[in-house]
Amino acid sequence: SGGRQPAGRADAGESRETMDGGEGGRRVLDHPEWLEEEEGEEAGAPGFEFAVATDAQFNTLKQTPNLGRLEIQQFHRFEPTSTPQSFFFNIDDMRLMCVVVPVKNGDAVVAYILAGANVEQMDGYIEILNDTVVITLIVVMLLGMGLAYGMANRMVRPVLSIQQAVGEIDLENLDRRIELIQGDSEVQRLVETLNDLFERLEKSYNQINDFSSNVAHELQTPLTILRGNIEVALTQEREKAEYIEMLSDLLEETMHIIHIVDSLLLLARSDTSSLTISQTPIDLAQFCEEQAKDWEAVCSLKQQKLTLNVQGIHQVAGDQNLLAQLFLNLISNASKYSDAGLAVQVDVRKQAFNGSEGVQIMVEDQGVGIPEIDQDKVFERFYRVDKDRSRETGGAGLGLSICQMIARLHGGDIALTSAVGVGTRVSVVLPALGS
């Protein structure tokens, strides 16, 4: 196989003596790895390991039996070195890794140990490992994609269900709600929020419908009367007194329409938050004394006595015109629904309100009273307890709604208690100035 020949007996002997370790020392070259190859062992078989002892010129002194007559020096040019080195080289179809370890005598290198192994199997293992890693990554990626798809589908399914349900809700079925069969807490909260929204929309839509119907109904009656009186007046010539009487009826109905329209405009401005009020200090004792003249005039129409009782000095901040309208509405209601000759009483006193100091204004009558079933509804727009008396009393069912709106605009509130055949008490509480 053309291996290198020993350079000389002296060098080989010196190297062998150094490798033997001296007399009585451990003989490196007598290690079992250097002994005769075992029966059946094939030299240079794949996966084999080898070791070669050389002199300083890399001439073979001894090598492991599995190399047979093969000298690896002929397949690689070994360079002298004073430190261990490693490298790869090929022999036929084998890829070998070799480590060169210098053997020194003092500072001089006198021999080398070449040790190595066939790394083809290791490369095969690495290739198998690489393939395994790639396949594992592909499997993990596919599983991840499947899991991601499943999770996305699980998340999107309730959203699509919500989308479909929302798309089917219109003015014809505002009472429909979203039913979620399954979903996480966030989706459930979304469904609850949407259902609350639809409930508010349904309520608002019904209120608008009721409001429109009530407005049409309230305006239809006076407009019909106006039209009828005008048509009667035009059928033939009449005396001046008859024309005056007809015009008086027309004026009364016209004023009734104007009152309804003004009330509706006031409520509409309040609903759109476009109604602003002035915050002028008002002395309620002086305010009640000034307004009492108008209140007494209203009560005098039915020979009713107005009693005003102001306890202490009270000040509030607000719009004097709106507060005047509020209490005039209350006095008018008390007078309308009380028999002739009965008293209407107004009391003003100190009252705690929302943890602070407030002022309570109570209007109490001795009228017909309000059934308990109707007491929670009297502040709704166009609601009337006695619908048969609406034309007689001239009410449109907006008075208490306006009173509640004005009270709340001033940061206060209004409440009502009543008993049939006993009378009604309406209490308005406003925050005191500086509280």
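Is E364 buried, partly exposed or exposed? At 28% relative accessibility, E364 counts as partly exposed, because that label covers values between buried (under 20% relative accessible area) and exposed (over 50%), found with a 1.4 Å probe and protein chains only.

Before going further, note that this is a predicted model, in which local features need pLDDT of at least 70 and side-chain atom pairs count only at pLDDT 80 or more, while totals for chains, interfaces and linings use all residues. Residues are numbered from 1 along each chain as its sequence is written, and side-chain values use heavy atoms, with hydrogens and water left out.

Let's stay with E364. Its side chain meets that of R425 in a salt bridge (3.4 Å, N to O); the term stands for a side-chain nitrogen of Lys or Arg within 4 Å of a carboxyl oxygen of Asp or Glu. E364 belongs to strand 10 and R425 to strand 12, so the pair ties together parts that are 61 residues apart in sequence. Helices (H or I, at least four residues) and strands (E, at least two) are DSSP runs, numbered from the N terminus. R425 is partly exposed too, at 35% relative accessibility.

The structure holds six salt bridges. Another of them joins R227 and E231, with the closest N and O atoms 2.9 Å apart. Both residues sit in helix 3 (residues 185-235), four residues apart, about one turn of the helix. R227 is exposed, at 59%, whereas E231 is partly exposed, at 43%.

Now back to strand 10 (residues 356-364), which also holds Q360. With 12% relative accessibility, Q360 counts as buried. Its side chain makes a polar contact with the side chain of S427 (2.9 Å). A polar contact is a pair of N or O atoms within 3.5 Å; within protein, one must be able to donate a hydrogen and the other to accept it, and residues adjacent in sequence count only if both atoms are side-chain atoms.

Finally, look inside. The largest nonpolar core has 46 residues, and F327 and L330 touch the most other members. Such a core is a set of buried Ala, Val, Leu, Ile, Met, Phe, Trp, Tyr and Cys residues joined through side-chain atoms within 4.5 Å. Helix 6 gives this core its largest share, eight residues. Leaving aside neighbours within four places in sequence, F327 is in contact (heavy atoms within 4.5 Å) with F287, W295, I361 and V428. Apart from this core lies another, of 15 residues, including V52 and F78.
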